[in-house]
Amino acid sequence: MTEGAERFHAATGDEDPSSLGQSGEDRAAAVRRAMDGLWQIRKVMNPADGRPVSAPAEWERRQPLRAVALALEAAGISASALGPDGRRTTTGYRVSLVDGIVRVEWLGPPGSKAVLQQHQQLQHCMRALQDLGWQALEYRGARQHRWLEVEPPL
């Protein structure tokens with residue numbers, strides 16, 4: 001693994017964007033390199049007689065939070081962000097682990113109207129994840145809050 005790859009962290013939506021270390025074109029290039037690495041992992045680890053790049057590899061299954069965050073960022077979907085005070089500053093996806101299952105939410109700062117965008121944006125996230133072989137289902141909870149639960153196929 002190269003030095004740059006060791007330091008790469010996909011945006012989960014729970015960090016200050018400056019903590020990711022790069023912005024703009026440098027960040028986009030780092031995400032492309034990470035996805036290229038992921039494709040290589042899939043080619044090497046997935047069975048040759050199956051569909052080697054169309055399903056999550058064992059590495060992704062062991063680190064689903066990182067893999068899902070990378071997939072969303074690579075799809076060009078904006079991540080939410082937190083400011084130094086811990087308050088949400090940007091509308092976008094947030095990836096977390098809840099009871100061992102990856103949860104994707106669409107969140108924003110107070111007054112951002114992110115709640116009105118949830119269904120449409122989560123559907124966009126779902127399509128991006130399904131294109132990479134993940135299974136995603138949308139749920140709706142209290143006060144119409146929506147989220148995706150994401151898992152690799154069995």
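**Entry 1: helices on the sheet**

I started with H4, which lies across S3, S4 and S6 and runs at about 165 degrees to S3. Next I looked at H5, which lies across S3, S4, S5 and S6, at about 140 degrees to S4. For these angles, axes are lines fitted to C-alpha atoms, for helices over the stretch in contact, and angles run from 0 to 180 degrees between N-to-C directions. Contact means heavy atoms within 4.5 Å. Helices (H or I, at least four residues) and strands (E, at least two) are DSSP runs, numbered from the N terminus.

A note on provenance: this is a predicted model, where local features need pLDDT of at least 70, side-chain atom pairs count only at pLDDT 80 or more, and totals for chains, interfaces and linings use all residues. Residues are numbered from 1 along each chain as its sequence is written, and side-chain values use heavy atoms, with hydrogens and water left out.

**Entry 2: the sheet**

I traced four strands in an open sheet, ordered S3-S4-S6-S5, with antiparallel pairing. S3 and S5 (135-140) stand at the edges with a single partner strand each, so one side of each has no neighbour in the sheet. The twist averages 30 degrees from one strand to the next. Two strands pair if DSSP finds at least two bridges between them; S5 and S6 pair over six bridges, in the antiparallel sense. Arg 140 stands opposite Arg 146 in S6.

**Entry 3: how enclosed is H4?**

I went back to helix H4 (residues 64-74): eight of its eleven residues are buried, so the rest of the structure largely encloses it. Buried means under 20% relative accessible area, exposed over 50%, partly exposed in between (1.4 Å probe, protein chains only). Among the buried residues of H4 are Leu 70, Leu 72 and Glu 73. I found the buried residues of H4 packed against H2 (24-45), H3 (58-62), S3 (92-98), S4 (101-107), H5 (114-131) and S6 (146-151). After H4 comes Gly 76, with a positive phi near 85 degrees.

**Entry 4: Glu 105**

Which side chain makes a polar contact with that of Glu 105? I found His 145, at 2.9 Å. A polar contact is a pair of N or O atoms within 3.5 Å; within protein, one must be able to donate a hydrogen and the other to accept it, and residues adjacent in sequence count only if both atoms are side-chain atoms. Glu 105 lies in S4 and is buried, with a relative accessible area of 8%.
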